[in-house]
Amino acid sequence: MKKRAVAASVSTLLALSTGLAVASPAGAATKQVINLITWVNPPAVTVLKKINAEFEKANPGYTVNYQTTADVSGGYATMQQTAVQGGTADIMGTFPFQPLPFNMSQNNLTPTQLWAVHNVFAPLNGQPWVKNFNPSVLSGDMYKGKLYGLVTGVYQQGVFYNKAIFAKYHLVPPKTYNGLIHTAQVLAAHHVTPFFDGLQNVGPLYLMFITNPLMQDIWMPKVGNVNTALWTNKTKWTDPAFIKVMVRERAIMKYLEPNFTGVPWQAMPGAFANGKAAMLLDGSWDLASVAQANPHMKMGYFPLPGSNNPKLNQSLLQPDLTFVVLNNSPHKAAALKWLDFFASPKIYAQYVDATGISPSRVGGAYSSAASRALGPWFGKGVMLDRIFPQLPGSGSYYVQPKNWWQLQLEMYQGKYTPQKVASMYQSAWQQVVK
Amino acid sequence: MASLYRGRDRVQLYIGMLPGLLLYVLFGVVPSVATAVISVTNYSGIPGLPVNFIGLQNYVQAFVLDSTGIVGAIRDTLVFAVSVTVVQNVAALGMAHLFTRRYPGRAVFRSLVFMPAALGVTVIGLTWALILNPSGGPAASLLALWGGSSAFLGSNRFALPLVIFVQIWASLGFTTIVYLAGMNTVPGELYEAAKIDGASSWVIFRRITFPMIAPSTTVNVLLAAVGSLNTYDLIYVLTDGLYHTNTLGMYMFNTAFEGSSNLGLAATINMVEFAITLAVALTLQKVLRKREEVL
Amino acid sequence: MISLGKPASLREKPSWGAFALAGVVAVVFYLGPIAYLLAVALQSPAQFLNNPVSFPRPLMWSNFTSAWSQATMGTYFSNSVLYTFFSTVLSLLFAALLAFPVSRRYVRGSQVIYLLFLAGMFLPVGLVPLFIESRMLDLYNNRIGYIVLHLQYGLTFGFFIFVGYFRTIPVELDESAAMDGCGYFHYIWRILIPLVKPVLATVGIYVAINVWNDLIGPVVFLASNQLFPLTRGLYTFYGSNQSDWTLLAAGVFIVAAPLIIAFVLLQRYLVAGAVAGSLKS
């Protein structure tokens, strides 16, 4: 009897473990599974889920397994890393990998760039949708004539303002840097928080909504393409123009909400929609969430004016979610089929309208909360890759993304002067450019 | 004695040992040794990219060419580990002492302090993130009573102290119980005698309790020191190594899995962490054991 | 079980100073956070936005149901149970089968094995090589692999405890069993393991808690949502719902509640483990 008990428990164990094997995704070979991963951008996640459902309906026998994680800075980087190395994704959301460094080495490439130049991504040239997309946007994901990604569009970075609050204090969107500071001063005098930005869970990276436009308005007029100039030593981080950028950045940061470093980025649209601040420093990807949090709110947009010469103050565009297909994916054909489906006019329009992204597909009519708020600015401006270089993840300490932005914060907090920070960047940069 | 199990039974003996031994070698020994091996390569984890032996280049990179990262991580690690070890043990001694007194609700209080032992880093980390929410959380409300405010976990100054606090909060109960068990082994007569001599309770603690619980102190100090030198899961939940909370473990994880393809460098950081842990563990063990013997 | 009461000689009238101090620490710092978590979990988003430190009114029980369904807690929960159960049982079984011959020195190299395990306590935990191994051995992103990768802790911990404990069992028992013609596995399973039951419960609970609460493991070794245990599931939920703390707090509470209940029920084993650890040394 005892023996039987042991035998019984062993067989239960076996049965359970075979059950496990069947339940694991490896066992499901008959059905075509497409593993898709992206970071969290709530409106994009919602609409992608909907698009996946439509794809499954239109293509019986296919299942889309869609995965997201917390954010771009931490969890998602881990997910990408494990997906590339473990082959657990077929389609992966990335940011466009251009601009590449001028002299590439393992120490000055970002992981996405490393993957791109080492054939981790499948070339997409000749896919049926390519001809319908704007080549200049797609070029952000091209290397040696090969196209590696479907760049889904570009977002605007800048200042979103609460029209009601502006009207209450008789304010108009400022066109110059001094005007911006004046606007902030008026609001602060009335105990209204001028700017809102949240750095928790994403880190000081989200200071980019201030730094990037300032670099564009102050540094670019002087040296042209800042990224190229930095790589070719035509300019240095110690350039007086960049010092001026940091001085002004520090001045603007004084008008952020208290303890902005501890406010999670996820709280930004909700706080702005609930009137916690007059202006939101953000990208237009959050406008859909703002509209959802408070549908009655009237918001407007202006590019953050970094210069006192209004002609130099332009809007800033950031290419966003870019789908790549992994070369070692066992479901490549299915993945390409999904991309083609995504790029079809009706489906793509859903994506554009839900996210507020400015389309990379040529033609078509769209209407989103963002397009209304942005008005004439929608989709217009300078591409970010002409301003800010891609910072490598390993190699020189102070030009690794986390540390680069951490120094900006410490500069604001008074630990270092802008001059000191500039020289720290420059000495680290010399190693990268070498 | 070995003759007990012969023939078929002896084979069974070996068969029984096989899975445990195999697992231990495969997932205990091999990864440990492999860490040292990977630390002298340029392994990137990219499929199809060749892996080359590069000697001590990763170490040179970490310590000579670009030492800011590793120096900062070592500093954060030491601040974290020393603070956790010292404060946790002092606080636990105090708590254990309180729990030797008699009063109603003692068992309930003890259970409450011990509870985090079951909660795990995700629950603990998210609960404290909620409490330390700078916009209107209870910690912010409390601070506002004195007219203060802070970004808490987003603050360059307070993030590390707060992470240390939460770490201690999580393991205080366990440490307390170990001390409490030690205190219970102290013979009552010793206290009686001291009381007759008119010794104050501080003197009793200093001269009797503390020396008598030396084995508990050894265990607690060793566990806290080795544990805090290696742990990073709570930091991962609370700050992800931002705002000067980048301990060696966190730095290794971030280098390996977040935004860098330099797994060789990550292994190098792991080796540094290992060397420090080993040195600290051996030194502490020697010192604490000697102390036990002297007493 | 060892009593944690106070030495008999010092039993005296209640110490109200100690009561106040211990009470403040326990209630404010330990009960407080859990109570606050529950309060936020029951608030409406509007109340939380305007007055987060206040008694929830009205009580939003629906937060719990929404968190449960939105976060697909059911899947995560069954994964956690599965991983924890198999990792704990298998690792302790393997540990016992390894510890017995070593503790008795029935095989050559027993000393070497013991030293190998001892050395392992000081070796670095090689997360990077483990990640590489997991992919080479096809243990990455599947349930069986996840369980296999989590046997290490129970194996090591169980090994030391069992070696110590088996030594207290007289060798005569082995001899008489062998003379009765009792097979080896039968002897281990039916006679030895029941004998170590008291310590088994303690070890098992520590191992189970360790596996259940692991967060780095599922972050590194799992990629598919339907394979996540509660820890990673909750962490993912955190990432995508941080704008709604009330829902998130409900999610955290759902995960915490079974742990709190388990703690209350199993506390004596946890205490026994802590005490054993201190006395063993």
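The legends below describe close-up views of a predicted model.

**View 1. The contact between chain A and chain B.** Chain A contributes 29 residues to this contact, and chain B contributes 30 residues. On the side of chain A that touches chain B, at least two residues each come from helix H3 (75-86), helix H4 (111-117) and helix H16 (401-412) of chain A. H3(A) gives the largest share of that side, with 4 residues. Sorted by class, the side of chain A that touches chain B holds 17 polar, 11 nonpolar and 1 charged residues.

**View 2. The two assigned domains of chain A.** In the domain assignment, domain 1 of chain A covers 29-151 + 322-356, and domain 2 covers 155-318 + 383-433. The centres of domain 1 and domain 2 of chain A, taken over C-alpha atoms, are separated by 28 Å. Where these domains meet, 20 residues of domain 1 of chain A are in contact with 20 residues of domain 2 of chain A. Two or more residues of the domain 1 side come from each of helix H2 (42-58), H4 and helix H14 (345-355) of chain A. By class, the side of domain 1 that touches domain 2 in chain A consists of 10 polar, 9 nonpolar and 1 charged residues.

View 3. Strand S12 of chain A spans residues 322-325 and is covered on both faces. A:Thr322 and A:Val324 lie on one side, A:Phe323 and A:Val325 lie on the other, and all of these are buried. In a regular strand, side chains alternate between the two faces of the sheet. Strand S3 (residues 91-94) of chain A pairs with S12(A) in the antiparallel sense, over 4 bridges. A:Val325 in S12(A) is the bridge partner of A:Ile91. Strand S6 (residues 149-151) of chain A also runs antiparallel to S12(A), and 3 bridges join these strands. A:Thr322 in S12(A) stands opposite A:Val151.

**View 4. The helices of chain C.** Chain C contains 14 helices and 0 strands. Its radius of gyration is 23 Å, well over the 19 Å given by the globule rule for 281 residues, so chain C is more spread out than a compact globule. Along the principal axes, the C-alpha atoms of chain C fill a box of roughly 75 × 65 × 35 Å. Of the 281 residues in chain C, 49% are buried. Among contacts in chain C between residues at least 6 apart in sequence, 74% join residues at least 24 apart.

Definitions and conventions: Residues numbered from 1 in each chain as written. Chains lettered and ligands numbered in written order. Predicted model: local features only at pLDDT ≥ 70, side-chain atom pairs only at ≥ 80, totals over all residues. Contact = placed C-beta atoms within 7 Å. Nonpolar A, V, L, I, M, F, W, Y, C, P; charged D, E, K, R; others polar. Domains from an automatic or database assignment. Buried ≥ 20, exposed ≤ 12 C-beta atoms within 10 Å, placed from the backbone. Pairing = 2+ DSSP bridges. Rg over C-alpha atoms; globule rule 2.2 N^0.38 Å.
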